[in-house]
Every structure is written in C-alpha cells, then in structure tokens.
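Take a walk through this fold with the coordinates open. We will go from single residues to the core and back out again.

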Amino acid sequence: MNYDELKRFTVEITDIIKKEQKFIFGIFCIAFLLQGIYYGYDLNKNRNTISFETITPKSSLYYENNNSKNEFQFKKSESVYTTHKLFPFNPNTISKEDLIAIGFSEKVANIYLNYRNKGGQFRSKNDVKKIYGLSDNLFHQIEPYIQIDANQNNIKKPNAENRYTFKSKEPINIDINKAQAAEFEKLYGIGKGYANRIVNLRTKLGAFLNIEQLNDKYTALPDTVFNKIVSNLIISNGKIKKINLNIATETDIRTHPYITKWQADDILKNRPIYGENDLLELYTFKKETYRKGMPYFEY
C-alpha cells in the first residue's frame with residue numbers, strides 16, 4: 001500500500017468514527033429528553049394526589065395559630081403540616097389516644113402514662129409541665145385546656161367536719177439517706193408512688209448529696225409538697241455509687257439517672273475522658289443545670 005492509499009484509508013476510517021460518535025450522542029440526548037418528560041409528569045401527578053394535611057413531619061420547627069378553630073398547625077416547611085386539635089381534658093384521666101391527638105409524641109405519651117400508672121397524680125397544671133420530654137411550646141398551648149378535678153386530688157380542701165389526711169400526720173423528721181419507703185409515706189403529701197420513686201433513685205445513686213435532689217424530675221414531687229416537707233428532712237453522710245465513664249458499659253451509662261440520652265451519646269463518642277475538665281469541654285455539659293451527676297462520676 002503506497003502513501004496515497006494509506007492516507008485515503010485513514011480519512012475514511014476517521015469519517016466513520018465521527019459519524020458513530022454523532023449517532024451515539026444523539027441517542028443519549030433522546031434518552032435524557034424522554035427521562036425528563038417522565039419525571040415531569042410523575043411530579044405533577046404527585047402534587048395532585050398528596051394531601052399535605054395527612055403528612056406528619058418527624059420534627060416541628062414552629063407553629064401557626066388558626067384563629068377560626070382551636071387548632072395549631074406545627075410547620076416544618078411551606079408545604080408539610082400536621083394539625084392537632086385542642087380540647088379540655090383532665091390530666092389524671094386522659095387516654096393515650098387523646099394525648100397524641102393534642103400533640104404528644106407516642107414516646108412522651110408513654111412516659112406520661114407510666115408516671116400516672118406508678119401512682120403519680122397531677123394536682124396542678126405545673127405538674128404536667130414536669131413530664132420528661134414535654135416541650136415548653138406544647139405545654140403553653142395545652143395549658144389553658146387542662147382541667148383538674150379537685151375531688152381526685154389526694155389533698156382535699158379542709159373544712160370544719162372533714163380534715164384532710166395529710167394534716168393528721170404527725171410531724172416527723174426523715175433522714176433521706178436512711179429512711180425506707182414506709183417512713184417517707186408518713187410525710188405530708190407522700191404516697192406509695194412518691195415514696196418508692198425516692199427510694200429507687202437513692203438506690204441507683206447510692207446516697208443523696210443534698211435534700212434538693214428530692215425536688216426534681218426524677219422523683220416528680222410537686223413543689224407544694226416539697227416545700228411543705230423540706231423542714232422535716234435531714235440528711236446524713238452516705239456512700240455514693242460512682243460510675244467510671246471510661247469503662248462503664250453503654251447500658252450503665254444510658255440508664256444512669258443523671259445522664260441524659262444526649263450526654264450519653266457525647267460521653268460514648270469522646271471516650272476516654274481524663275477528668276472533669278475534659279467532661280466540661282463536651283457540649284452537653286456546658287450548662288450548669290446538666291452537671292448534677294458529676295459528683296457521681298469517676299474517670
């Protein structure tokens with residue numbers, strides 16, 4: 001094959017390759033065009049069939065008040081809503097279904113019912129606010145609808161003929177690090193449920209370090225009851241149970257009364273922790289209110 005023939009052959013091959021490239025490129029363009037038409041049709045179809053009132057977002061960023069009804073729409077985006085209807089309810093008798101209907105998540109509703117099933121009672125609206133997991137926003141919305149039946153309260157109104165039970169209890173001093181449940185029940189406003197919660201918390205901690213530990217969400221004592229009995233409470237030294245944050249199991253950390261879920265995640269993610277200074281560097285321990293458990297930790 002001479003030079004002229006080789007040159008002609010090369011040009012013909014190049015022309016064929018260019019034609020094939022154009023053909024293949026054209027096929028891809030048609031395919032993309034058809035795909036775009038399909039997605040456009042599918043999106044338009046979904047817009048016409050989805051009812052946004054039936055979609056419940058996993059989290060609510062803020063809410064809008066519907067002035068025409070007792071309804072609050074919790075809004076995550078411009079097009080996704082869930083509507084909760086508010087109505088008067090007795091916190092001591094409301095069902096799980098009604099709790100969810102007024103805005104409780106299933107998890108918080110279970111915590112609420114578990115507290116009530118163990119003997120807890122709601123004597124005031126602020127007692128409802130102490131339920132773990134109940135957001136301030138939701139509480140402010142349901143607060144006007146909370147109705148407490150005075151006849152269901154253990155604290156009865158005194159009159160000339162009927163003195164309520166707690167007044168008849170003899171004043172008694174209780175050592176919170178030594179008393180058993182039956183002794184706590186001798187105090188004003190303390191029934192079996194509250195007494196058992198106090199003893200169970202002390203068992204998990206080993207001992208209380210101060211009297212104010214009885215007045216938090218772990219015992220759920222109403223402020224009115226705590227303020228009434230605080231003068232009858234004394235505290236002796238006891239041996240606390242310290243948990244080593246570096247070698248404790250995940251279960252031990254997550255079930256500790258003074259470690260929240262988010263603090264447990266933070267601890268497990270950042271172990272080893274060499275001391276209090278390291279612990280205070282964690283985001284979930286920045287605020288003073290979340291450091292209650294620190295005397296019970298070791299490293």
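Where is Tyr145 found? Tyr145 sits in the loop between helix 5 and strand 4 (174-175). Helices (H or I, at least four residues) and strands (E, at least two) are DSSP runs, numbered from the N terminus. Tyr145 counts as buried, at 17% relative accessibility. Buried means under 20% relative accessible area, exposed over 50%, and partly exposed in between (1.4 Å probe, protein chains only). Now find Phe89. The C-alpha atoms of Tyr145 and Phe89 are separated by 6.3 Å, yet these residues are 56 apart along the chain.

A word on the ground rules. This is a predicted model, in which local features need pLDDT of at least 70, side-chain atom pairs count only at pLDDT 80 or more, and totals for chains, interfaces and linings use all residues. Residues are numbered from 1 along each chain as its sequence is written, and side-chain values use heavy atoms, with hydrogens and water left out.

Next, the overall picture. The chain has eleven helices and seven strands. Of its 299 residues, 34% are buried. The chain exposes about 19700 Å², and carbon and sulfur atoms supply 53% of that. Accessible areas come from the Shrake-Rupley method with a 1.4 Å probe; for residues, only the protein chains shown count as cover. Contact means heavy atoms within 4.5 Å. Among contacts between residues at least 6 apart in sequence, 49% join residues at least 24 apart.

Turn to the interior. In soluble globular proteins, nonpolar side chains tend to be buried together. Here the largest nonpolar core has 58 residues, and Phe104 and Phe184 have the most contacts inside it. Such a core is a set of buried Ala, Val, Leu, Ile, Met, Phe, Trp, Tyr and Cys residues joined through side-chain atoms within 4.5 Å. The elements that give two or more residues to this core are helix 3 (106-117), helix 5 (136-142), helix 6 (181-184), helix 7 (192-205), helix 8 (223-229) and helix 10 (261-270). Helix 7 provides the largest share, six residues. Look at Phe184 in detail. Beyond its neighbours within four places in sequence, Phe184 touches several residues, including Ile174, Ile190, Ala195, Ile198, Val199 and Leu214.

Just after helix 7, Gly206 takes a positive phi of about 90°.

Now the rings. The structure holds five aromatic pairs. Rings of Phe, Tyr and Trp (its six-membered ring) pair if their centres lie within 6.5 Å; planes under 30 degrees apart count as stacked, over 60 as edge-to-face and the rest as tilted. Tyr112 and Phe122 are stacked, at 4.8 Å centre to centre and 20° between the planes. Tyr112 is in helix 3, while Phe122 is in the loop between helix 3 and helix 4 (125-129), ten residues apart. Both residues are buried: Tyr112 has a relative accessible area of 1%, and Phe122 has 0%. Phe104, Tyr112, Tyr115 and Phe122 form one aromatic cluster.

Some backbone details follow. Most residues other than glycine have a negative phi, and most peptide bonds are trans. Ala220 has a positive phi, near 60°. This residue lies in the loop between helix 7 and helix 8, and is buried at 12% relative accessible area. A cis peptide bond joins Arg271 and Pro272, with omega about 0°. Pro272 lies in the loop between helix 10 and helix 11 (276-280).

Gln263 is in helix 10 and counts as buried at 2% relative accessibility. Outside its sequence neighbours within four places, Gln263 contacts Tyr258, Thr284, Phe285 and Tyr290. Asp175 is in strand 4 and is buried too, at 14% relative accessibility. Leaving aside neighbours within four places in sequence, Asp175 contacts Ile234, Ile235 and Ser236.
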